[in-house]
Amino acid sequence: MEFGWSPEQTAHRERVQTLLGRELPADWDDIAVHGPGSNAQTAFSKIFCKKLADEGLLISHWPKEYGGNDMTVWDQFIMGEELWAAGEPRGPQYMNVNWIGPVLMRYGNEAQKAEYFPPIASGSVVWCQGFSEPSAGSDLASLRTKADKVEGGYLVNGAKVWTSYAGLATHCFLLARTASAGKGAIVILLLDMTSPGVQVKQIPALIGEGDIHEVFFTDVFVPAENLLGEEGQAWEIITFALQNERIGIPRYAFSRRMLDRAAEKLKADGRFENPVVRDRAGRALALCEAARLMVYRVVHQRATKAPQDAYGNLARWAIIQADHAVNDFMTEFMPEGLLGEDQMQIAHHQRAIAAGIASGAAEIQLNLAARRYLDLPSEPRRGL
Amino acid sequence: MSIFHASAEQLELVESFVRPLEELFPVARLHRAEHTDYDNWVTAAEFGWFGISLPEEAGGIGLSVVEEALLFAQFGRHLISPGFMAASLAAKTASLSGNDELAQKILGGEIPVAIARQTAAGITLVDAENAKLCLVISAEGTKLFPVEAIQQRALLDRTQWSIALESAALPGNPIAQASEEDIGASINLLIAAQLTGIAAATLEMAVAYAQIRQQFGVAIGSFQAIKHYCTDMVMNVQAAKDMLSFSAVAMAGNQPDHRFQVASALVVATRAAFFNTGKNIQIHGGMGFSAECDAHLFLKRAHVLETLAGGLKASRAALRAENSIFGKDAAFTG
């Protein structure tokens with residue numbers, strides 16, 4: 001592993017920074033305050049992603065045959081880091097380009113690629129992921145939403161919960177269960193969210209408005225051609241998708257920006273002189289850097305096409321530690337910001353709370369790391 | 001009275017308030033935008049809750065700060081408006097200022113009181129929409145003002161925190177005041193008590209959920225990752241409860257180290273409340289950060305109470321100052 005950025009990588013980072021400086025409006029902090037799933041940010045994402053597409057940066061990491069530019073894994077990641085630090089102006093569309101697209105490239109058929117790629121590439125669609133259910137959170141395999149085979153397709157009945165971006169989504173990457181048994185029974189359906197029988201209800205929560213939803217399916221017909229891959233292949237596809245999802249979001253970049261911002265504020269009114277404050281800021285900074293380097297190692301694995309190991313599990317835990325350290329620092333030393341004075345600090349606080357829960361309880365990462373990284377035995381399964 | 005802890009009689013007395021608290025202040029009320037605890041202000045005054053530790057001749061109940069601390073721990077469990085603490089502290093402030101008439105009116109529930117913390121810029125005002133008096137806490141002690149004397153009131157939030165938070169300017173000319181030396185321990189004790197109650201309530205919530213929520217075919221409480229959190233939480237609660245009870249007894253007996261003990265109780269309770277409210281959200285998963293679940297209400301109230309205490313940093317500095325070997329922190333310049 002070689003440390004340091006090449007001149008090309010530095011130039012690429014600067015290009016993204018310049019673009020952000022130019023394209024983000026003066027009131028961007030107000031737009032971004034409720035997070036990527038908010039109405040304001042989703043609306044802005046359609047403007048911003050179009051600009052990115054015009055610049056050839058929206059799907060530049062995709063292969064040339066799909067309209068991309070074969071951008072390197074590292075350049076893709078540098079862009080993600082800069083965008084996330086800026087509050088993710090791609091809004092919910094980061095998901096489209098990060099993993100929905102790549103999953104479709106690998107497992108989709110030609111008709112599906114022809115249908116779904118152009119709107120993703122032009123930045124005009126929002127996908128949501130229909131994974132979690134009331135009884136299937138971290139334990140995704142126990143999902144209950146049914147996909148019954150009918151003539152010409154599937155009839156879907158059930159409910160999803162905590163679905164990010166569903167309120168404005170045009171499409172859903174939906175997991176459902178057929179009549180077969182076990183993990184092989186799960187299918188992935190590419191669902192049109194305007195299908196009759198789909199009902200979306202926002203869940204009010206302590207994180208940004210419009211962020212999470214319940215989605216109900218009542219006799220929703222999904223044509224057979226919307227099945228992704230083969231029946232029985234879903235688990236393989238999800239595993240591939242989640243590898244891209246888990247460290248796809250460089251949260252530490254946003255935390256680092258908030259930490260630097262906090263230090264500026266504390267300096268301005270003389271509070272940064274306090275050695276206790278400085279010590280705790282240093283600790284938070286160290287955790288941000290640790291998270292960054294651990295994530296870089298996973299990116300390096302991906303860039304060199306090395307097999308993915310449990311290091312990704314450790315990296316996600318490190319990201320959460322960094323988020324929490326920055327949040328704890330600001331909460332302790334700048335409590336006035338949290339009680340209404342600083343909307344960005346409030347937004348960071350809310351997202352830090354969700355960081356260890358969204359995309360699966362973080363404790364699961366520890367279990368996986370203990371098993372895969374340390375060869376420790378799994379927890380015994382007790383009385384069902 | 002036992003030397004170190006609350007007696008059986010003291011515990012029993014507070015138990016007698018558990019049922020009315022359940023009936024008057026179910027936590028679910030906080031999900032209704034229009035709720036206000038000031039609806040039950042007079043009822044609370046009739047129970048004597050504002051003057052537990054004041055002598056009967058001053059209009060109080062004539063018990064000690066031990067009973068008062070135990071009651072306020074129950075208030076914490078029910079997330080009762082910090083205005084109730086304001087009433088108790090305002091009556092003490094009036095009494096210390098020699099204004100017994102004002103103290104009696106506050107204790108009788110005639111004049112609703114709200115609480116505020118002095119900040120660098122002015123004051124942060126909590127749940128003051130129904131109050132006539134405002135008790136401002138600062139590092140120097142307490143000051144009592146008529147609400148109409150408060151200028152530049154600006155609403156910061158009402159929905160997100162399930163209680164109205166306002167910023168305002170600090171008025172001049174208080175109608176009563178008390179020095180930190182006279183009232184500081186009372187402030188710290190009541191806040192520590194409420195934070196202890198919050199830590200206990202969230203422990204119970206988390207354990208109850210860990211016992212029923214199933215993933216991978218078993219209750220999540222069977223996973224070490226979850227049960228170890230719960231064990232840390234119960235340890236926090238026991239430490240906070242014991243420290244609260246011990247420091248209240250020390251204060252009631254006017255022990256020379258009672259300020260140190262109370263300052264310790266506040267730091268221990270603040271940490272317990274933050275750890276437990278945070279882990280309760282984590283253990284509840286996605287449900288934990290939904291508005292529908294009670295978990296976020298406890299976290300937010302813990303933040304409000306911590307702010308009223310001047311922040312965890314200030315609480316730790318106060319604790320250091322009470323240790324003669326550490327002494328007061330040197331002031332930072334620049």
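In this structure, 33 residues of chain A are in contact with 31 residues of chain B, where contact requires that the C-beta atoms of two residues, placed from the backbone, lie within 7 Å. This is a predicted model, in which local features need pLDDT of at least 70 and side-chain atom pairs count only at pLDDT 80 or more, while totals for chains, interfaces and linings use all residues. Residues are numbered from 1 along each chain as its sequence is written, and chains are lettered from A and ligands numbered from 1 in the order in which they are written.

**The side of chain A that touches chain B**

- Strand 3 (153-164), helix 10 (311-333), helix 11 (335-341), helix 12 (343-355) and helix 13 (362-372) of chain A supply at least two residues each to this side.
- Helix 11 of chain A gives the most, with five residues.
- Helices (H or I, at least four residues) and strands (E, at least two) are DSSP runs, numbered from the N terminus.

**Chain A as a whole**

- Chain A contains 13 helices and eight strands.
- The radius of gyration of chain A, 21 Å, agrees with the value near 21 Å that a compact globule of 384 residues would have; this radius is taken over C-alpha atoms, and the globule rule is 2.2 Å times the number of residues to the power 0.38.
- Of the 384 residues in chain A, 45% are buried, that is, 20 or more other C-beta atoms lie within 10 Å of their own.

**The sheet of chain B**

- Seven strands of chain B form an open sheet with mixed pairing, in the order 5-6-2-1-3-4-7; two strands pair if DSSP finds at least two bridges between them.
- The edge strands, strand 5 (154-157) and strand 7 (176-179) of chain B, each pair on one side only.
- Strand 2 (residues 123-126) and strand 6 (residues 165-168) of chain B pair in the antiparallel sense over four bridges.
- B:Thr124 stands opposite B:Ser167 in strand 6 of chain B.

**Helices 7 and 8 of chain B**

- Helix 7 (residues 180-212) of chain B packs on the sheet and touches strand 3 (133-138), strand 4 (141-146) and strand 7 of chain B.
- The axes of helix 7 and helix 8 (residues 224-252) of chain B come within 9 Å and cross at roughly 155°; axes are lines fitted to C-alpha atoms, for helices over the stretch in contact, and angles run from 0 to 180 degrees between N-to-C directions.
- Helix 7 of chain B is therefore roughly antiparallel to helix 8 of chain B, a term for angles over 145 degrees.
- Residues making this contact include B:Leu189 and B:Leu203 of helix 7 of chain B, and B:Val237 and B:Leu244 of helix 8 of chain B.

Methods
Buried ≥ 20, exposed ≤ 12 C-beta atoms within 10 Å, placed from the backbone. Parallel < 35°, antiparallel > 145°, perpendicular 65-115°, else oblique.
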